[in-house]
Amino acid sequence: MQNKKAANKLKIDTVIKNLGKRGMEGHFCETKEEAVELILSMIPDKTIVSWGGSATVNTLGVKEKLAERDLEIIDPYSTTDFAESIERRRKGLLSDYYLMSTNALTMDGELVNIDGTSNRVAALCFGPKKVLMIVGANKLAIGLDDAIARAKLNAAVPNNVRLKRNNPCTITGTCNNCLSKDCICCNIVTTRYCSIPSRIQVILVNEELGY
Ligand code: SF4
């Protein structure tokens, strides 16, 4: 366990260096508690905060802490009214701070994300002033092929199972590149560079977080 943590620290240091080449800023946190403190310190009061669907963000408990602050929160997931949820996802694109994770992150600093409704990848590409991305060490991948494979097998398939989607992967456990009307893999987005310096802040945590 200790060796794995030490190896992950080395990997994360390399990724942070490579994110810098790509106009993104990386931060190292040993634990998720440290990550929560960092996120809270990055978000000033009286700003607008939103987020994408993310098992990682849910695990942190940071939403509850943000709710206690003097912030305008746009939470698309706290309503069961689908039309209202879509409207909040649209409004979230104009937030000041947007919280999300990534489906995979290459050692060279490229982000890979698969999205169905695609509000999350839309926010990543353009809209919110800052994107705060929280990433567990389990999301690291050697290169782009590995990252896309990881995003499909270890993120899209479990998400299909969680959402009880009627797609082939919920039967086979692997991605069949379906074109089903229930498909949650509409867009596969690779982020290779951020032209607004440090708009994307990547908080790397030396723990397993999300999937
Ligand atoms: S089978 Fe379809 S829904 Fe399932 S992971 Fe592959 S593309 Fe996505």
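**Reading a predicted model by its cut-offs**

Biologist: Which helix gives the most to the shell around the ligand?

Modeller: Helix H7 (residues 144–163) does, with 4 residues. This is a predicted model, so local features need pLDDT of at least 70 and side-chain atom pairs count only at pLDDT 80 or more, while totals for chains, interfaces and linings use all residues. Residues are numbered from 1 along each chain as its sequence is written.

Biologist: Which residues come nearest to the ligand?

Modeller: Ala156, Cys169, Cys175, Cys178 and Cys185, out of 14 residues around it. A residue is near a molecule or strand if its C-beta atom, placed from the backbone, lies within 6 Å of it.

Biologist: How do the residues of that shell divide into nonpolar, polar and charged?

Modeller: There are 9 nonpolar, 4 polar and 1 charged. Ala, Val, Leu, Ile, Met, Phe, Trp, Tyr, Cys and Pro count as nonpolar, Asp, Glu, Lys and Arg as charged, and the others, Gly among them, as polar.

Biologist: Why is lysine 46 called exposed?

Modeller: The scale is simple: buried means 20 or more other C-beta atoms within 10 Å of the residue's own, exposed means 12 or fewer, and partly exposed is in between, with C-beta atoms placed from the backbone. Lysine 46 has 9 C-beta neighbours inside 10 Å, so it counts as exposed. This lysine sits in the loop between helix H2 (32–42) and strand E2 (48–51), and its phi is near 60 degrees, a positive value in a residue other than glycine.

Biologist: And is serine 54 buried or exposed?

Modeller: Buried: serine 54 has 20 other C-beta atoms within 10 Å. Serine 54 is in the loop between E2 and helix H3 (55–60).

Biologist: What about serine 118, then?

Modeller: Serine 118 has 18 other C-beta atoms within 10 Å, so it is partly exposed. Its phi is near 80 degrees, again positive in a residue other than glycine. The loop here is between strand E6 (111–115) and helix H6 (119–125).

Biologist: How do you know that strand E10 is largely enclosed?

Modeller: 6 of the 6 residues of E10 (residues 200–205) are buried, so the rest of the structure largely encloses it. Ile200, Val202 and Leu204 point one way, Gln201, Ile203 and Val205 the other, and all are buried. In a regular strand the side chains alternate between the two faces of the sheet.

Biologist: What makes E1 and E7 partners of E10?

Modeller: Two strands pair if DSSP finds at least two bridges between them. Strand E1 (residues 25–29) has 5 bridges to E10, running parallel, and strand E7 (residues 130–136) has 6, also parallel. Phenylalanine 28 stands opposite leucine 204, and valine 131 opposite isoleucine 200.

Biologist: Which residues is valine 205 in contact with?

Modeller: Leaving aside neighbours within four places in sequence, Cys29, Thr31, Lys32, Ala35, Ile134, Val135, Gly136 and Ala137. Contact means the two C-beta atoms, placed from the backbone, lie within 7 Å.

Biologist: Which residues have the most contacts inside the largest nonpolar core?

Modeller: Met100, Leu132, Met133, Ile134, Ile203 and Val205, in a core of 46 residues. Such a core is a set of buried Ala, Val, Leu, Ile, Met, Phe, Trp, Tyr and Cys residues joined through C-beta atoms within 7 Å.

Biologist: Why do E8 and E9 count as edge strands?

Modeller: Their open sheet has 4 strands in the order E8-E5-E6-E9, with mixed pairing. Strand E8 (140–141) and strand E9 (187–191) each have a single partner strand, so one side of each lacks a neighbour in the sheet. Inside that order, strand E5 (residues 104–106) joins E6 by 2 bridges, antiparallel, with leucine 105 opposite leucine 111.

Biologist: How do you know that the chain agrees with a compact globule?

Modeller: The rule, taken over C-alpha atoms, is 2.2 Å times the number of residues to the power 0.38. For 211 residues that gives a radius of gyration near 17 Å, and the chain has 17 Å, so the two agree. Of those 211 residues, 38% count as buried.
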